[in-house]
Amino acid sequence: MYTSETEFRIRYSETDGMGYVYHGNYASFYHAGRTNLFRELGINEKELEEQGIIFPVISLNQRYLKPVRFDELIRVRSILEKVSPVRLQFRFEIYNEAGELVNRADSSIVFVDRDTRKPMRAPDRILKQIEAVHCFV
């Protein structure tokens, strides 16, 4: 398992008419957290895409526990839980300024060949970078 944390200040545009973070915006928080986790592991998403490797989200299950409002500082904990040669599974936990868990999600991505649109094995160097932090399951 490998864990990364990313902080965000909630912008007004991310809230809905009730004053809470709009539910659809949570996916962008997970994406930014996952991108940060990859950076920490030395994985560059842009380079992979340039090499014809894409990684769509194939599942996302989220649970809203407490509302988050405009100008709150949140902390997104991104956890790489399971790794296979073609799929990565993540857990995301979002905490408010008081340290309370306000949202959690489970998500999976799969490595896909951009041209054929078929699942593919991740490049060996990527698997080695992940294996180096002992999160290969």
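Rings of Phe, Tyr and Trp (the last through its six-membered ring) are taken to pair if their centres lie within 6.5 Å, with planes under 30 degrees apart counted as stacked, over 60 as edge-to-face and the rest as tilted. By this rule the count for the structure comes to 9 aromatic pairs. The structure is a predicted model, in which local features need pLDDT of at least 70 and side-chain atom pairs count only at pLDDT 80 or more, whereas totals for chains, interfaces and linings use all residues. Residues are numbered from 1 along each chain as its sequence is written, and side-chain values use heavy atoms, with hydrogens and water left out.

A pair of aromatic rings is described by the distance of the centres and the angle of the planes. For Phe38 and Phe55, the ring centres are 6.2 Å apart and the planes stand at 80°, so the pair is edge-to-face. Phe38 belongs to helix α1 and Phe55 to the loop between β2 (53-54) and β3, so that the pair links distant parts of the chain, 17 residues apart; helices (H or I, at least four residues) and strands (E, at least two) are here DSSP runs, numbered from the N terminus. Both Phe38 and Phe55 are buried, where buried means under 20% relative accessible area, exposed means over 50%, and partly exposed lies in between (1.4 Å probe, protein chains only). One aromatic cluster is formed by Tyr30, Phe38, Phe55, Phe90, Phe92 and Phe111.

The strands β1, β4, β5, β6 and β3 form, in that order, an open sheet of 5 strands with antiparallel pairing, two strands being paired if DSSP finds at least two bridges between them. The edge strands are β1 and β3 (57-64), each of which pairs on one side only, and the twist averages 20° from one strand to the next. Between β3 and β6, which run antiparallel, there are 7 bridges, and Ser59 stands opposite Ser108 in β6. Helix α1 packs on the sheet and touches β1, β3, β4, β5 and β6, its direction making about 130° with that of β1; contact means heavy atoms within 4.5 Å, while axes are lines fitted to C-alpha atoms, for helices over the stretch in contact, and angles run from 0 to 180 degrees between N-to-C directions.

Within helix α1 lies Gly33, which counts as buried at 0% relative accessibility. When its neighbours within four places in sequence are left aside, Gly33 is in contact with Thr6 and Ser78. The C-alpha atoms of Gly33 and Leu101, which are 68 residues apart along the chain, are separated by 16 Å.

A nonpolar core is defined as a set of buried Ala, Val, Leu, Ile, Met, Phe, Trp, Tyr and Cys residues joined through side-chain atoms within 4.5 Å. The largest such core has 30 residues, and those with the most contacts inside it are Phe29, Leu80, Leu88, Phe90, Ile94 and Ile130. Two or more residues are given to this core by each of α1 (26-41), β4 (73-83), β5 (87-95), β6 (101-110) and α3 (124-131), and α1 gives the most, with 6 residues.

The structure holds 10 salt bridges, each defined by a side-chain nitrogen of Lys or Arg within 4 Å of a carboxyl oxygen of Asp or Glu. In one of them the side chains of Arg77 and Glu5 meet at 2.8 Å, N to O. Arg77 lies in strand β4 and Glu5 in strand β1 (residues 2-9), so this pair ties together parts that are 72 residues apart in sequence. Arg77 is partly exposed at 24% relative accessibility, and Glu5 is likewise partly exposed, with a relative accessible area of 38%. A salt bridge also joins Arg91 and Glu93, with the closest N and O atoms 3.1 Å apart; Arg91 is partly exposed at 26%, whereas Glu93 is buried at 12%. Between Asp124 and Arg121 the closest N and O atoms of the salt bridge are 3.4 Å apart, and these residues are partly exposed, Asp124 at 46% and Arg121 at 47%. Through shared partners, salt bridges join Glu5, Arg75, Arg77, Glu81, Arg91 and Glu93 into one network.

Strand β1 also holds Arg9, which is partly exposed at 42% relative accessibility. Apart from neighbours within four places in sequence, Arg9 is in contact with Glu14, Asp71, Glu72, Leu73 and Glu97. The C-alpha atoms of Arg9 and Ala105, 96 residues apart along the chain, are separated by 19 Å.
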